[in-house]
Amino acid sequence: MANVKVGTNPVQLAGIIRYHLSDLGSRNGHHEFEHLARHVARARIASNILPSTGPVSSGGDRGRDFETFVTDNPIPGPPGSDFPARSSGSRRIVFACTLARKTDAKIRRDVATLAAQDDVDEVVYFCEPNLPVAKRLKLIEEAKAKGLPLQIFDGNAIAEWLAEPGIFWIAQEYLHLPSDMMPAVELDQGYVEHLSDWQSREPIPVNRSDFLAIKAGLRKATFDDSARADLRFWLERMAVFIGEPVPRAIARDAMYEIAVANLRGKGDLMPVCDLVENYYTDVEEHESIGEITDAVVLLTYCFGAYHLDQYQIDEAALFTRRRRLLDLFELWLRQSGIGPGRRSGLLRMRGSLELTPAESGRLPDHDRAFAFWGTMLDCVVDAPLYPIEEFIDHLARLVGYMGEVDELLTLASRADDLLAPRAGAAAAGEKAIDRAFALLERDETGAAIRELHKAKIKWFTGEQIGGMLRILLLLSELYGSLGLAYAAKYHAMAAAYIARHEDAVRTADMLPRALLEVLEAEDAAGNSLGFLQLFPVLLLAHVEHDQRPLDMEKHPRVQDNMGQIAALLGILQRGDAETRRSIDAILAGWPAEIRDAILRTADQPTGFWNEGSWDDAWAGLEEALLDRPFGDLGPTRHVRWDALGIEWCCEFANDRANTPGAEQLIAELQLAACAMAGRDLGIVPGKITIKVARDAEVAKLSIDLPDEGGCEFTVRLPTQDRAASDAADGIALFGTILRSCSVLRDDALMASFDRSVFEPIFVGRPYAELYREFVPVELFAEDVRRAVPAFGTGRRFHSRAHERVPWFDGAGPTYDQAEAMVDIAHRYRRAGASLVHTLERLRTDPPCRERLHRLRRKGMKDWEILGILGNIAMNHRLAPHGHLAPEQLRDIALKLIETPEAADDVLDPGLFSEDQFELHAAAYLTAYLDGRRLRPPACLGHAGLERFLVARYRIREDDVEHPNILHWAESDGTYAD
């Protein structure tokens, strides 16, 4: 039978109970608290308890809410009898309860009253407000001085008691917890016995403990396939709790359970539609937060079942129920005197109600739900007992369903910040990790990375060092999966550094794991020499810290790395035998048994790297790597990666002085690109080059912009390492490059930037410092790096990894389809008039006809083709006026556009040459930007701009009905004869 837990873990459940205890004060629930305390006392303190009867006005309770009675039962009693064992015997214990905020003053008054009476042996006080230890001890000492032993149980103590399965029924009976809350019990091992027990007995209809036992069995049969066959049995048992003489509160809870079991277990709410309707008949009379929660959740189930045809009901009836709940929320939230705790609970469920549609044909209003929850979190600041952890778990489930929604994740972060001071930063970090894994399940890696960084920040403490290292390694893996090898390497090196220098007892076993990630990042980046050089470092850490280092079956990744080294050496032998000899010399110092095994494998003629043609082998490298293999050879390093629609290339001297700082800058750019993924930055796809060099004349990073029309940036780095305080310089470079690639005007582009998203750019220590830690001078082997030429420079290397930090290709930031259609219609009207005779000449000219055919086959709509032709014509007609000022030329151009072309003004087809077509096709697209309130970026290529406008402004999709101005044939889009 499947091992499935039913219920909520004890710690979280105690926190939820504690919140609902606090709600009693908001609801003036002193009598419920008194009953609850009496049952707790009977179960945990003394069994011989006499409840108080009669109103206070009949003589006063004399400070007694309930008390024990004298019993002559022997203590301990006979075997199997709990009563004598828990009896106070002849001792008279008096119990008092209070919800009052000024708890210590109330206790003092009651103790003084009881001390004046001669029939009290001990006082037990139950108070809902928490009482600090110092105050509690002082009150106990004061009572002792009056001759009375005193015990005090505050809200926290009571909540922990009530979370225990044996007496949880008391919490359910008097606090009306949400039905989804119950103690976590392992029914699986004892389920057969549990089922057998209830097959031979009948539940007592008024017994809340029996109800909870039946509920546990019913929940298991509902949600566990292995027990689904028992669903009917448990439903029959639960039906006992409906009708007379069952208290209405228990009956409503039973109706809820039966409805959920039918819907979730059988996929059909129809058999219990009458019960569901009955449930809502008196909904306004049940106003505890738990009962309100159940009413909203059940309504959500009803809407879902209706839309899945699992609940046949007049849709109007559902909206009537919803409006009824809305009216009640308005009433409850307007009540005077409600505290922040109750208001928080009401706002939580008011927001949840927005997850149901407000009327037919409308979707749920998630924005309104998030707004209510945001207001709720404002209240939670002043409600320390609110179970914020349960709300955060709810948000994590929503993230798993909805994915990355900025407002939702912002709410979750706010809630995490409220949880941290209450449960610790580690607990808040765990919640961010839960959301990260929910996002990974949806393949939303970028969003998951952002959540993991939140957890990393919260776990950057000594107490959570192991968990923080695991986060760093997971981040390394995820950055690598996005093709950001240097961002991956940065996180892996940070983890390795911490593991090497922290307490070895806690972190040493993490060092080999971290170094594995460093190696895999180096390999993926094409830094094949660095990969080879770091492998012995990994082996040493592996042998020193692993329990079974020589058992290779236990370490497949170590074996894989050895195989990868052999493959790289085999490829190098095939492509450049002379360079291979230089690399073999570096391996001379390796342990002979490892080195020789690798070299034998590399030299096998049957190795896959020797199969097929050299073109095939090269294509295999492009599939496997992000950049050229052995790219860290040669006097100049060329590092390439793709992100955000940009092909990035960084060039720097391949020496140990420049490499650490240059790689740090690359890592920062990759981290920034990932942080901005998914935002509309208006980027026109293209290529940029960054030339990096150290310069003793600069104190901080310096940027030289490209020449006009160029896309090459020069960056000068200071000779000292750039630290955390210098991360802003890397962000400035990233922003400068984006501006050169974006069509957004400066104000719109700056609005897309949020400094908080760049917090992950600094990872504990400067990258350059970490680099030198793991690549000392002797490992860098600068003489070999610079003396040996780069590998395969005669071939272009095009990684097949594709763009894993994708270009944003949604509708353009200023795109409006209705506006576009009006503009297109206007273009047809103007072009049809200003070129009417020239178009007739062009379609009879064979070269022009072919050029127009080619544009048509490319997918251009007639209005774009006419725009290009119009620009060529306008350029020719304005040529005689070239001496005029720009304003005068613009006036003439506008007049020409609006003036119908005369027969005598027809243009020669020779003017519409191939060069003119290409020139004005590019110019037309650039001019199109201005009409969309955009600007041409400094780094602009025609192919990238065309891709931008096709994808984001639908220039090859949008069109309107128009005359066949270009006289295409109906059948194939060519000219009719």
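Where is the place of Lys 215? Lys 215 sits in helix H9, residues 208-223, where helices (H or I, at least four residues) and strands (E, at least two) are DSSP runs, numbered from the N terminus. Before I go on, please keep in mind that this is a predicted model, in which local features need pLDDT of at least 70 and side-chain atom pairs count only at pLDDT 80 or more, while totals for chains, interfaces and linings use all residues. Residues are numbered from 1 along each chain as its sequence is written, and side-chain values use heavy atoms, with hydrogens and water left out.

Lys 215 is buried, with a relative accessible area of 1%; by buried I mean under 20% relative accessible area, by exposed over 50%, and by partly exposed anything in between, with a 1.4 Å probe and protein chains only. Not counting residues up to four places away in sequence, Lys 215 touches Gln 172, Ser 179, Met 181, Met 182, Met 238 and Glu 257, contact being heavy atoms within 4.5 Å.

Another lysine to look at is Lys 456, which lies in helix H20, residues 445-458, and is buried with a relative accessible area of 4%. Once its neighbours within four places in sequence are set aside, the contacts of Lys 456 are Met 468, Ile 471, Leu 472, Leu 475, His 491, Pro 760 and Phe 762.

Let me turn to helix H22, residues 485-501, whose 17 residues should span 24 Å at 1.5 Å a residue, in agreement with end C-alpha atoms that are 24 Å apart; the expected span is 1.5 Å times one less than the number of residues. Of those 17 residues, 15 are buried, so H22 is largely enclosed by the rest of the structure.

The buried residues of H41 are Phe 917, His 920, Ala 921, Tyr 924, Leu 925, Tyr 928 and Leu 929, and they pack against helices H36 (817-834), H38 (846-857), H39 (862-878) and H42 (942-953). Just after H41, Arg 933 takes a positive phi of about 60 degrees.

Now a helix pair. The axes of H13 (residues 289-307) and H14 (residues 315-334) come within 11 Å and cross at roughly 160 degrees, with axes being lines fitted to C-alpha atoms, for helices over the stretch in contact, and angles running from 0 to 180 degrees between N-to-C directions. That makes H13 roughly antiparallel to H14, the term for angles over 145 degrees, whereas under 35 counts as roughly parallel, 65 to 115 as roughly perpendicular and the rest as oblique. Among the residues making this contact are Ile 292, Leu 299 and Phe 303 of H13 and Leu 318, Leu 325 and Trp 332 of H14.

Finally, the sheet: five strands form an open sheet in the order E1-E2-E3-E4-E5, with mixed pairing, and two strands pair if DSSP finds at least two bridges between them. Strands E1 (49-51) and E5 (150-153) stand at the edges with a single partner strand each, so one side of each is left without a neighbour in the sheet. Strand E2 (residues 66-68) and strand E3 (residues 93-98) run antiparallel and are joined by two bridges, and Glu 67 has Val 94 in E3 as its bridge partner.
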